[in-house]
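Please read it alongside the sequence and the coordinates.

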Amino acid sequence: MTFGSFRLDLAARQLFCGQAEVRLSPKAFDLLKLLVDNRTRAVSKAEIHEALWPDTFVTEANLASLIAELRRGLGDRPQSPLFIRTVHRFGYAFCGEIGAGAAAAAGTEPTCWIVCNDEEIALREGENIVGRDPLAAVRVDFPSVSRRHARIMVSPAGASLEDLGSKNGTFLRSERVTTPVALADLDDVRVGSVKMTVRLMRDGATTQTINAD
């Protein structure tokens, strides 16, 4: 996706300005992703702390330092923000405009979706984490689901599913997943007790919206 003169490659975890890479620390990149993913709303400091430092106590100075790092990398200023807006006494918000059609132009138009609870979630090329982690590509906030429960890898050749040592297991077509397995269109997947359906698009074929159980 693009905004301003920047291109954010989520799969490769890289930020570019033109052809030059903008170096960010892993936490700063996670923060940028969190704000971009939730760009339709402001994100509270409490939610940011939970996403970046789960079960760890850190002071507000840590978050302030990451925001400063992001703004340096983006050439942004708090007084007249182009991308990162401070929401006083609450948190922060991404205020840049995502380029229309940027994903298709970059060759990253989604080819894989997860349908869960009547919601379609487009997956990006590369790694997509399924779990309760606020940064997960498919966030499933349910007690039977582990924080990082499973991983779906998407490539031009197709998609595969892998369990990440979850407590309650990952299942494909009712069979427990113990090694990475290939996915097919309309496959039934279960993480913990949560059911979802895989949709795959190949060779320009379109998909229909369906409802998971």
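1. Strand E1 (residues 2-3) and strand E2 run antiparallel and are joined by 2 bridges; strands, of at least two residues, and helices (H or I, at least four) are DSSP runs numbered from the N terminus, and two strands pair if DSSP finds at least two bridges between them. Thr2 stands opposite Arg7 in E2. The hairpin of E1 and E2 has 2 residues between the strands, and Gly4 takes a positive phi near 60° there.

2. The model is predicted: local features need pLDDT of at least 70 and side-chain atom pairs count only at pLDDT 80 or more, whereas totals for chains, interfaces and linings use all residues. Residues are numbered from 1 along each chain as its sequence is written, and side-chain values use heavy atoms, with hydrogens and water left out.

3. E2 is also joined to strand E3 (residues 14-17), by 4 bridges in an antiparallel arrangement. Phe6 stands opposite Cys17 in E3. The hairpin of E2 and E3 has 4 residues between the strands, and Arg13 in the turn has a positive phi of about 55°.

4. In a regular strand, side chains alternate between the two faces of the sheet. Buried means under 20% relative accessible area, exposed over 50%, and partly exposed in between (1.4 Å probe, protein chains only).

5. The whole structure holds 5 aromatic pairs. Phe3 and Phe83 form an edge-to-face pair, 5.2 Å centre to centre with 65° between the planes. This pair links Phe3 in strand E1 with Phe83 in the loop between helix H3 (60-74) and strand E6 (84-87), 80 residues apart. Phe83 also forms a stacked pair with Phe94, at 6.5 Å centre to centre and 25° between the planes. Rings of Phe, Tyr and Trp (its six-membered ring) pair if their centres lie within 6.5 Å; planes under 30 degrees apart count as stacked, over 60 as edge-to-face and the rest as tilted. Ring pairs link Phe3, Phe6, Phe83 and Phe94 into a cluster.

6. Thr170 lies in strand E14 (residues 170-172) and counts as buried because its relative accessibility is 0%. The side chains of Thr170 and Asp163 are joined by a polar contact of 2.6 Å (a pair of N or O atoms within 3.5 Å; within protein, one must be able to donate a hydrogen and the other to accept it, and residues adjacent in sequence count only if both atoms are side-chain atoms).
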